[in-house]
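A walk through the model comes next.

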Amino acid sequence: MSALPSRPLRRVVITSVSTVAGGLLLLSLKPHSTAGAAPLTTAPAPTATSSGPAGSSGAATAPPTGGGSTSGTRTVDGDAVQTRYGPVQLRVTVTGGRLTAVTAVQLPQSNPRDEEISSFAVPQLTQEVLAAQSARVDTVSGATYTSEGYLRSLQSALDKAGG
Amino acid sequence: MGTVFSLDVRGGAPDRIAAAVEGAAAWLRHVDEVFSTYRPGSQISRLAAGGLTLARCSAEVREVHRLCEDARRRTGGWFSAAYAGGFDPTGLVKGWAVERAAEMLRSAGADAVCVNGGGDVQTFGGPWRIGVADPLRPGAVAAVVRAGEGAGGTAHGDGLAVATSGPAERGGHVLDPHTGRPPRDALASLTVVSRTLTEADVAATAAYAMGARARGWLAAEPGTEAFAVTAGGRTWHTAGFGALADPPAGRTPGR
């Protein structure tokens, strides 16, 4: 946070999803705050296990949608991330350097289970992200940050927004 | 393990830290391979199937087995790795693995380390602010634990760990090992703070299974502080928790 010394701060998010078929481990890194942090490469995302009703997810390289208004608000789309259940793509709004909204651009919606995830899990994850920020905490114990697609799309949007 | 790991590191020589981050990621991947109950070829699966004896398992499996035994004794049987007649250390492995990963980053020269594995957190140094998710108000934080603030802040020396157990815990429900059912008088969530995550995770899991009895047990546990949200939305905490945390906002203390 702002009172910290200006040393490199690195954040790495690793997602590990075990299935009967095998494991999936994703690693992405977001260098925080300072430029001194040597950007680590990220392990390639093996999305081979994704087989869901992918359909509409060609937009893997969604460009930033320049929603820049005069008040310093930016809206950025994250990557469309393939998950087992289908594509997940999120849009973040950053106002004055703070994350103020996370909305879904694409979510899996091909069956009732997907609908349930879309209607419940994503808003909850979004709330947790926003609460963590508003409470000025570095991390959350007991949270359910367990959706790898959500995290990866969110991370890519935050990276594009440039913190 | 089917979970998300987040590693925050401050300070240290960039190249050494970069190597340590890679090493920590490789470690977590390795643990997943060895301990996964979902992979038929993992040592744990082969052990459960009878195709492998404990003596022939790797040193880390034997260490985890020993830690599970210690945990069972420490908790008077409330923590148990015995499941369906076999050995399932899942309840201990994640905390242990996260603690190790954080140690790897610290020993690489980081000034401050914070590793979160599926909501269980191990820190070294700081300062860090660790929110405790409010189980009844999705998105809200029920309390904030402060780590690594030096005098007054951290009563547990350099390392601090925070583990939370609840009915929605990743990897299945916490069951009362005596009945095989969810605990009676179940809390909405229970958070334990101690020096290492292996300890904190075991205590949180065991005490959660105790239901209403958790409070007395935790109060008597050395080096352990705790914070709970009851099903009715009240909160309680052990005597030393207040010195480690910002007060919960918007909740009614006491009970």
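The crossing of H1(B) and H4(B) is right-handed, a label given when the near helix is turned clockwise from the far one by less than a right angle, anticlockwise being left-handed. This is a predicted model, in which local features need pLDDT of at least 70, side-chain atom pairs count only at pLDDT 80 or more, and totals for chains, interfaces and linings use all residues. Residues are numbered from 1 along each chain as its sequence is written, while chains are lettered from A and ligands numbered from 1 in the order in which they are written.

Stay with this pair. Helix H1 (residues 14-35) of chain B and H4(B) have axes that come within 9 Å and cross at roughly 160 degrees. Axes here are lines fitted to C-alpha atoms, for helices over the stretch in contact, and angles run from 0 to 180 degrees between N-to-C directions. H1(B) is therefore roughly antiparallel to H4(B), the term for angles over 145 degrees. On the H1(B) side, the contact includes B:Ala20, B:Ala24 and B:Trp27. Among their partners in H4(B) are B:Ala101, B:Met104 and B:Leu105. Contact means C-beta atoms, placed from the backbone, within 7 Å. The contact of H1(B) with H4(B) has twelve nonpolar residues, one polar and one charged. Nonpolar covers Ala, Val, Leu, Ile, Met, Phe, Trp, Tyr, Cys and Pro; Asp, Glu, Lys and Arg are charged; the others, Gly among them, are polar.

H4(B), residues 90-107, also packs with H5(B), at about 155 degrees and with axes 8 Å apart. These two helices are therefore roughly antiparallel as well. H4(B) passes H5(B) in a right-handed crossing. B:Trp96 and B:Val98 are among the H4(B) residues in this contact, and B:Ala200 and B:Val202 among those of H5(B). By class, six are nonpolar, four polar and three charged.

Now the core. The largest nonpolar core has 78 residues, and B:Ala101, B:Leu105, B:Val145 and B:Ala207 have the most contacts inside it. Such a core is a set of buried Ala, Val, Leu, Ile, Met, Phe, Trp, Tyr and Cys residues joined through C-beta atoms within 7 Å. Buried means 20 or more other C-beta atoms within 10 Å of the residue's own, with C-beta atoms placed from the backbone. H5(B), residues 197-210, gives the most to this core, with ten residues.

One loop deserves a look. B:Pro127 lies between strands E5 (120-124) and E6 (128-133) of chain B. A cis peptide bond joins B:Gly126 to B:Pro127, with omega about 0 degrees. Most peptide bonds are trans.

How values were computed: Buried ≥ 20, exposed ≤ 12 C-beta atoms within 10 Å, placed from the backbone. Helix = DSSP H or I, 4+ residues; strand = E, 2+ residues; numbered from the N terminus. Parallel < 35°, antiparallel > 145°, perpendicular 65-115°, else oblique. Contact = placed C-beta atoms within 7 Å.
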